[in-house]
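This report is for a reader who is new to the structure below.

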Amino acid sequence: MTLEELHAGLVACRRCPRLVAWRERVARERRAAFADEEYWGRPVPGFGDGHAQILVLGLAPAAHGANRTGRMFTGDRSGDWLYRAMHRAGLTNQETSVHRNDGLALAGAYVTAPVKCAPPANKPAPAERDACASWLEAEWAQLADVAVIVCLGGYAYHSAWRLLAGTGVALPKPRPRFGHGVEVSLPDVTILCSYHSSQQNTFTGRLTEDMLDAVFARAVTVASNAGPI
């Protein structure tokens with residue numbers, strides 16, 4: 001299976017009734033600022049370089065961000081922060097993320113989330129997380145060159161841990177506590193942790209651009225040591 005085939009199967013997924021109902025309701029009712037736009041309203045595939053060495057893992061599509069635009073971390077302020085930082089790190093061709101046909105391209109990086117549909121209040125249920133896990137596993141199987149996983153938030157960190165445990169990677173016990181800048185070096189991949197670029201973190205100063213830049217600079221360094229990027 002190619003990534004393109006995987007994405008085609010993903011966007012037709014209707015496994016989780018609550019998430020299907022919510023994503024489609026948001027797409028129908030729309031936010032006033034986007035009333036004239038046609039919302040995506042489906043599961044959102046990952047985005048980026050199929051030969052990526054850096055995998056960026058979030059939580060789930062935002063209701064009026066990726067659920068509207070159809071591309072991960074696109075169309076909201078968290079994505080603005082993320083792609084600006086990735087651009088400064090040399091991983092994108094532009095720093096803006098407005099819609100899925102805006103010309104943004106990633107080099108050496110791939111962006112996705114463990115939950116592919118927008119959840120109410122940004123809180124997927126454990127059963128929904130588990131139902132979606134096979135999509136992330138399938139992406140991981142296609143991304144054979146990944147040397148670094150950048151986890152945006154604790155949810156992404158725990159999801160990456162479950163993903164790697166399921167593939168038989170030898171993981172340390174106990175699991176290191178999540179925190180910004182935490183780095184876990186494993187035999188074939190390194191996990192780097194960052195606070196999520198949500199408005200809750202960026203508006204309060206819990207996450208600054210310098211902090212996010214430092215994480216991506218480290219990711220590029222680690223990936224470069226693993227091979228060309």
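## A cis peptide bond in a loop

Pro174 sits in the loop that runs between helix 6 and strand 5 (183-185). The model is a predicted one. In it, the peptide bond leading from Lys173 to Pro174 is cis, and its omega is near -5°.

## Positive phi in another loop

The loop between strand 3 (109-112) and helix 5 holds Ala121. Asn122 is found in the loop between strand 3 and helix 5 as well. Phi of Ala121 is near 60°, which is a positive value in a residue other than glycine. For Asn122, phi is likewise positive and near 60°, again in a residue other than glycine.

How accessible are Ala121 and Asn122? Ala121 has 62% relative accessibility and counts as exposed, because the cut-off for exposed is over 50%. Asn122, at 47% relative accessibility, counts as partly exposed.

## Helix 5 and helix 6

Helix 5 covers residues 126-142 and helix 6 covers residues 154-166. The axes of these two helices come within 11 Å and cross at roughly 70°. Helix 5 is therefore roughly perpendicular to helix 6, since angles of 65 to 115 degrees fall in that class. The crossing in which helix 5 passes helix 6 is right-handed.

Which residues meet where helix 5 and helix 6 touch? From helix 5 come Arg129, Leu136, Glu137 and Trp140, and from helix 6 come Tyr155, Arg162, Leu163 and Leu164. Sorted by class, the contact of helix 5 with helix 6 has five nonpolar and three charged residues, and no polar ones.

## Helix 1 and helix 5

Helix 5 also packs with helix 1 (residues 3-10), at an angle of about 170° and with the axes 10 Å apart. The two helices, helix 1 and helix 5, are therefore roughly antiparallel to each other, because angles over 145 degrees count that way.

On the helix 1 side, the contact is made by Leu3, Leu6, His7, Gly9 and Leu10. On the helix 5 side, the residues are Trp135, Ala138, Glu139 and Gln142. The contact of helix 1 with helix 5 divides into five nonpolar residues, three polar and one charged.

Ala141 lies in helix 5 too. Is Ala141 buried or exposed? With a relative accessible area of 57%, Ala141 is exposed. Ala141 and Thr208 are 67 residues apart along the chain, and their C-alpha atoms are separated by 33 Å.

## Helix 4 and helix 8

Helix 4 (residues 77-88) packs with helix 8 (residues 209-226), with the axes 9 Å apart and an angle of about 50° between them. This angle makes helix 4 oblique to helix 8. Helix 4 passes helix 8 in a crossing that is right-handed.

Helix 4 brings Trp81, Leu82, Arg84, Ala85, Met86 and Arg88 to the contact, while helix 8 brings Glu209, Leu212, Asp213 and Phe216. The classes in this contact of helix 4 with helix 8 are six nonpolar, no polar and four charged residues.

## Thr190 in strand 6

Strand 6 spans residues 190-194, and Thr190 lies in this strand. Thr190 counts as buried, at 9% relative accessibility.

What does Thr190 touch, leaving aside its neighbours within four places in sequence? Its contacts are Ala147, Val148, Ile149, Glu183, Val184, Ser185 and Val222.

How many disulfides does the model have? The count comes to zero. A disulfide needs two cysteine sulfur atoms within 2.5 Å. For Cys151, the closest cysteine sulfur is in Cys193, at 5.3 Å, which is too far for a bond. Seen from Cys193, the closest cysteine sulfur is in Cys151, at 5.3 Å, and that is too far for a bond.

Both residues can also be placed by accessibility. Cys151 is buried, with a relative accessible area of 0%. Cys193 is buried as well, at 1%.

How values were computed:
Residues numbered from 1 in each chain as written. Predicted model: local features only at pLDDT ≥ 70, side-chain atom pairs only at ≥ 80, totals over all residues. Heavy atoms only, no water. Buried < 20%, exposed > 50% of the residue type's maximum accessible area, 1.4 Å probe, protein only. Axes fitted to C-alpha atoms, helices over the stretch in contact; angles between N-to-C directions. Helix = DSSP H or I, 4+ residues; strand = E, 2+ residues; numbered from the N terminus. Parallel < 35°, antiparallel > 145°, perpendicular 65-115°, else oblique. Left-handed = near helix turned anticlockwise from the far one by under 90°. Contact = heavy atoms within 4.5 Å. Nonpolar A, V, L, I, M, F, W, Y, C, P; charged D, E, K, R; others polar.
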